[in-house]
Amino acid sequence: MRVVIDADLCQGQGRCFSIAPSVFGFDELGSGVVLVTGELGEGELELARLAEANCPEHAVEVRE
Amino acid sequence: MTMEKTPVTDFATDFDHTDPAWVADPYPIWEDLRQRCPVAHTERYGGAWFPATHAGVTQIAKDTENFTSRTVIMNDGRPDELALPSPIGVAPPITSDPPFHQIARKLILPAFSPGAINPLEPQVRALCGTLLDRVAGGDVVEASWEYARLIPPSVIRQMLGFPEADTDVFIDIVHTVTESVDLPMDERIAAFEPIEEYFVAQIEDHQANPRDDLTTFLLNAEIDGQKLAVEHVFGTMILILVAGIDTTWSAIGSSLWHLARNPSDLERLVNEPGLMPIAIEEFLRFYAPVTMARLVKHDMEYLGVAMKEYDWILLGFPAANRDPAAFADADRFIIDRAENRHVAFGLGIHRCAGSNLARLELRVALEEFIARYPRFALADPDQVTWSQGQIRGPRRLPIRVG
Ligand code: HEM
């Protein structure tokens, strides 16, 4: 499983990188960026799913 | 500006967010509206709508085709009277629409990104400690007026690089600014004169002696290779004061009010400091302090009602946060709520530019208060007062700490 951020939806709410700093970071405007671009490890997957469930903009998506 | 207002008897057809019932406890009103309307209407303010659901608030917040942000504080006037020459507008980016909005927003985002804000933590912590030292000694601490209120302006003053010796002057200025937002334009302009004088002097000092602070950042910022006009720099500073101060004060105050009345939540935070970041999000959901406004751009059917050009929309992010359709047990405060897509900082292109700073201040203010006073309670519930208007939070909050 991987995680992606839809850059058109992301508004920099900042929930993903505070919940899962090992999976997400931020750019100079404060938008979320995915740090783990390949397959997610087990702990990372759980954190990515939590970030997905907390993004107010529905910009984070965990997918196959 | 105090006007006699008729009390509201039915919030579905005649709502007023300044009505004493709404100010005292808006949550049951919103729940009732969600079940009955869900878009409430009023003829007050020249005509306004209030969507009480998460879905309604979301749809309007993301719809810049049909709604404009030209005025985000609901009042008896209309934008023609209030509009300043474009493209600067009254307070970009909050009062800007696309496409200019994005230009004005991108300009300030780097100054409020986590990369710029995270390093401020030690100085925010030191400030909270100093304020707590100052109020220490008695059995009762005025946690809103003497603590929460003083944190945001001091942080902003430091960020702007204004002299520490001016702290009290600056806090006075901030109050003039935040209290003037719903004054008529001519009174507001008069109230702003001494403020403008002070700010322009600071701006000129920074032009002569650039340094590493927000004022210098704004002076160096460029749109299309052009430095900003001094009015734009001044306007942005005013926006930061209006948007960043009463809001954060309110969030800190409401959270302390909650902890003063819920000893089990206080105990959990004392015992599990790692819970704080998650708890912060629940404080923000449950006690979201900020309601915004929009203006309808043209006559239309929308959310099942007939909106007219220049009708107001009161955009209740706090109401959206209590909608059971969007949150399990929406009316319960759950300190470790795992899934929490709250919208306290808005949604879409106007997402609060200061949210990283607001979270830092809220977290550190609570951490320091709790570290100093691991047990506290309301001194006298009858002495707690709440703000009236679009920013909601306690203004007097005596807390018994001894
Ligand atoms: C807990 C504290 C705060 C809350 C709940 C809050 C809430 C909000 C909300 C809901 C909006 C959206 C406005 C809209 O949709 O019309 C907003 C915008 C904004 N906020 Fe905050 N805010 C807080 C603190 C701050 C701070 C500390 C600052 C800066 C120092 C700040 C600066 C701004 C700015 C510049 C905008 C306009 C963004 C734009 O239009 O693109 N806010 N805020």
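Chain A has 2 helices and 4 strands, where helices (H or I, at least four residues) and strands (E, at least two) are DSSP runs numbered from the N terminus. Along the sequence, the pattern of chain A reads β-α-β-β-α-β. This is a predicted model, so local features need pLDDT of at least 70 and side-chain atom pairs count only at pLDDT 80 or more, while totals for chains, interfaces and linings use all residues. Residues are numbered from 1 along each chain as its sequence is written, chains are lettered from A and ligands numbered from 1 in the order in which they are written, and side-chain values use heavy atoms, with hydrogens and water left out.

On overall dimensions, a compact globule of 64 residues would have a radius of gyration near 11 Å, and chain A agrees with its 10 Å. That radius is taken over C-alpha atoms, and the globule rule is 2.2 Å times the number of residues to the power 0.38. The C-alpha atoms of chain A fill a box of roughly 30 × 20 × 15 Å along the principal axes. Buried residues (under 20% relative accessible area, 1.4 Å probe, protein chains only) make up 48% of the 64 residues in chain A.

Now for the ligand and chain B. The iron atom of the ligand has Cys352(B) as its only protein donor, through SG at 2.3 Å; donors are N, O and S atoms within 2.8 Å of the metal (3.2 Å for Na, K and Ca), and water is not among the atoms, so sites may look incomplete. Cys352(B) sits in the loop between α17 (317-320) and α18 (355-372) of chain B.

Around the ligand there are 30 residues, the closest being His101(B), Arg105(B), Arg294(B), His350(B) and Cys352(B); a residue counts if one of its heavy atoms lies within 4 Å. By class, the shell has 20 nonpolar, 7 polar and 3 charged residues.

| Residue | Distance to a ligand oxygen atom |
|---|---|
| His101(B) | 2.8 Å |
| Arg294(B) | 2.8 Å |
| His350(B) | 2.6 Å |

The elements giving two or more residues to this shell are α6 (100-112), α13 (230-244), α14 (246-261), β7 (292-296) and α18 of chain B.

Chain B also has an open sheet of 3 strands, ordered β4-β14-β11 with antiparallel pairing. β4 (140-142) and β11 (377-378) of chain B are at the edges with a single partner strand each, so one side of each lacks a neighbour in the sheet. Two strands pair if DSSP finds at least two bridges between them, and 2 bridges join β11(B) to β14 (residues 398-400) of chain B. Across that pairing, Ala377(B) stands opposite Arg400(B) in β14(B).

Conventions:
Polar contact = N/O pair within 3.5 Å; in protein donor to acceptor, adjacent residues only side chain to side chain. Nonpolar A, V, L, I, M, F, W, Y, C, P; charged D, E, K, R; others polar. Buried < 20%, exposed > 50% of the residue type's maximum accessible area, 1.4 Å probe, protein only.
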